[in-house]
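Please take a moment to look over the protein shown below.

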Amino acid sequence: MDMNSNLTAVIMAGGAGTRFWPVSTAQKPKQFLNLLGGRTLIQQSFDRLKGLVAPERIFVFTNERFVDLVHEQLPELKPEQIIGEPYRKDTAGAVALAAMLVKKLFGNSTMLILTADHKIDPTDKFQVALRSAVQGAQESGAIYTLGIKPTYAATNYGYLECGQRLDVDSQAESPAHYELIRFKEKPKAEQAEQFLNSGNFYWNSGMFIWQTDTILEEFARQLPAHLEALKPALEAYSTPTWPKIFKESFAKLEKISLDYAIMEHAQEVRMVESNFNWLDLGGWLAVAPFLNHDQHENSSRGGLYVYESNHNIVFTDNPQTNFALVGLENMAVIQSGSNILAVPLNRLDDVKKLVDILPENLK
């Protein structure tokens, strides 16, 4: 059997993207936006699977309000491949249902759990890492994740501590495999420096590879209530009663992340060292390198005219919009429709707090 015929992919696309307000809103968050030029983030996630996973074996898990957006942006998918979650229950609920659904439809398939809000390139290196992890997961029955070599002491990422290197994939272009000692959630600055200097820690990409039976066994051992609550929804899948029963089942789930619920205490976890470029698009600073630049270190999309203004970010979703800056430094000015955001670059994380207090019609 060709390896590709046994692969199933799940793209997680339910995030709110509030740090990208006002361009990202509750009606159309960042995964559905063209922030980098070309295709939207969710479309790019789908594109990276071409030639690796058959389209009919790709699922998107998102919030129910975004189902129509997924249909619009990924017309290759059938309605039953797009699962709209009725409540925000974090990642454990979505993954549990995805594994149960894949087992029902395809048996003990190899699953890829992927993200819709990262910039990843080149695709060929990304697919090499996935294929290598798939081989390891199929041969060992272990859970695999993709680790990103850290470039600075980040405090907003989870970390992976590596143990022994494993002799799994001997092909020349294949990345290294490691036993994983532990997951460490977002550390404080001093500990992040220690992780970086040790050379033994990687950023947690949030992407996973496993056999369906493996992850279902972990849920049965660590979070059986999730499986029990979702059984009625699984039985109702693709029937007229699905929306009602799915909503009732999902409402019973504890809100908890996959990392806390399963990964921290999973029996055997391994990591593939990724050699592709990876960027978590967590806010406007991450987008700035992909915009136009002038000699004053201003990053922009839209027309920009400056006088004694340096190191600013300006962005519009309307290419006809012009910005004129006078005496501005280290600011972000973002325009979308009738909404404008102005914020110092060192306060960009507070945009999320701002969105929390905005009237509902502006969110």
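Here is a short tour, from the whole chain down to single residues.

This is a predicted model, in which local features need pLDDT of at least 70, side-chain atom pairs count only at pLDDT 80 or more, and totals for chains, interfaces and linings use all residues. Residues are numbered from 1 along each chain as its sequence is written, and side-chain values use heavy atoms, with hydrogens and water left out.

**The whole chain**

- The chain contains 11 helices and 18 strands; helices (H or I, at least four residues) and strands (E, at least two) are DSSP runs, numbered from the N terminus.
- With a radius of gyration of 21 Å, close to the 21 Å that the globule rule gives for 363 residues, the chain is as compact as a globular protein of that length. The radius is taken over C-alpha atoms, and the globule rule is 2.2 Å times the number of residues to the power 0.38.
- The C-alpha trace spans about 60 × 50 × 35 Å along its principal axes.
- Of the 363 residues, 54% count as buried. Buried means under 20% relative accessible area, exposed means over 50%, and partly exposed is in between (1.4 Å probe, protein chains only).
- Among contacts with a separation of 6 or more, 67% are between residues 24 or more positions apart; contact means heavy atoms within 4.5 Å.

- Grid points are joined across faces, edges and corners, and a volume is the space filled by probe spheres set on the points.
- The structure has one cavity of 30 Å³ or more, and the largest cavity holds about 50 Å³ of space.
- Ile11, Ser45, Arg48, Leu114, Thr115, Ile120, Phe126 and Met207 line the largest cavity.
- That lining divides into five nonpolar, two polar and one charged residue. Here Ala, Val, Leu, Ile, Met, Phe, Trp, Tyr, Cys and Pro count as nonpolar, Asp, Glu, Lys and Arg as charged, and the others, Gly among them, as polar.
- The second largest pocket has a volume of about 280 Å³. Of the 16 residues that line this pocket, Ala16, Thr18, Ala26, Arg65 and Arg88 are the closest to its centre.
- The lining of the second largest pocket divides into six nonpolar, five polar and five charged residues.

- Ser45, one of the residues lining the largest cavity, lies in helix H1 (residues 41–47).
- Is Ser45 buried or exposed? Its relative accessible area is 3%, so Ser45 is buried.
- Leaving aside neighbours within four places in sequence, Ser45 is in contact with Ile11, Thr115 and Ala116.
- Leu325 sits in strand S16 (residues 322–326) and counts as buried at 6% relative accessibility.
- Not counting residues up to four places away in sequence, Leu325 touches Leu304, Tyr305, Val306, Tyr307, Ser309, Asn312 and Val314.
- Lys353 belongs to helix H11 (residues 351–357) and is exposed, with a relative accessible area of 56%.
- Lys353 and Thr18 are 335 residues apart along the chain, and their C-alpha atoms are separated by 8.8 Å.

**Details of the backbone**

- The peptide bond from Trp21 to Pro22 is cis, with omega near 10°; look for Pro22 in the loop between strand S1 (7–12) and H1.
- Another cis peptide bond runs from Asp121 to Pro122, with omega near -10°. Pro122 lies in the loop between strand S5 (118–121) and helix H4 (123–140).
- Asp90 has phi near 70°, a positive value in a residue other than glycine. Asp90 lies in helix H3 (residues 90–106) and is partly exposed, with a relative accessible area of 37%.
- Glu297 has phi near 65°, also a positive value in a residue other than glycine. Glu297 is in the loop between strand S12 (292–293) and strand S13 (299–300) and is exposed, at 55% relative accessible area.

Conventions: On a 1 Å grid over the protein atoms alone, a cavity is a set of points where a 1.4 Å probe fits but cannot get out, and a pocket is an open set with protein on both sides within 12 Å along at least five of seven lines; lining residues have an atom within 4 Å of a point.
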